[in-house]
Amino acid sequence: MTSMSSQIDEWIGQGPASQQAQLRELRSIVLALAPEATEALKSGQPCYKRNALFCYLQRARTHVTLGFQKGALMSDPGKRLLGEGKQMRHIRFESGEEIDTVLCKMLIKEALRLD
């Protein structure tokens, strides 16, 4: 049986080359800030759970997404969070775009506080 880490590695490797480094970086940030989090593939994407699902990664044809289950409750000083649902919000990085690590860390820490 494949470990979850291997499954996530495979999922990342199946995406476009231009997105793989972005997804690895986002995953690394999440795991560094929440080493106790459980990482699992749900609905075909990596999801991160501590008490509850607090964030997920997603890839699309032209971008990657770092999403937040309780994103509607999060502050968004840079107005970077997207979404109009009741709870979920996400931040989007175009393929090959540099990941804003400062912003991602701030958002993940806030998601963890809401968890």
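Me: Which residues line the largest cavity?
Reply: In this predicted model, the lining of the largest cavity consists of L53, F54, Q69, K70, A111, L114 and D115.

Me: Which elements give two or more residues to that lining?
Reply: Those are β3, residues 53-59, and α3, residues 101-114.

Me: And how does the lining split by class?
Reply: Four of its residues are nonpolar, one is polar and two are charged.

Me: How much space lies in the largest cavity?
Reply: About 40 Å³.

Me: How many cavities of 30 Å³ or more does a search of the whole structure find?
Reply: One.

Me: Helices now. At what angle do α2 and α3 pack?
Reply: Helix α2, residues 17-33, packs with α3 at about 45°, and their axes are 10 Å apart.

Me: Is the crossing left-handed or right-handed?
Reply: α2 passes α3 in a right-handed crossing.

Me: Which residues make the contact?
Reply: From α2 come E25, L26, I29, V30 and L33. From α3 come T101, C104, K105, I108, K109 and L112.

Me: How do the residues of that contact divide?
Reply: Seven are nonpolar, one is polar and three are charged.

Key
Residues numbered from 1 in each chain as written. Predicted model: local features only at pLDDT ≥ 70, side-chain atom pairs only at ≥ 80, totals over all residues. Heavy atoms only, no water. 1 Å grid on protein atoms, 1.4 Å probe; cavity = no way out; pocket = protein on both sides within 12 Å on 5 of 7 lines; lining within 4 Å. Points joined across faces, edges and corners; volume = space filled by probe spheres on them. Helix = DSSP H or I, 4+ residues; strand = E, 2+ residues; numbered from the N terminus. Nonpolar A, V, L, I, M, F, W, Y, C, P; charged D, E, K, R; others polar. Axes fitted to C-alpha atoms, helices over the stretch in contact; angles between N-to-C directions. Left-handed = near helix turned anticlockwise from the far one by under 90°. Contact = heavy atoms within 4.5 Å.
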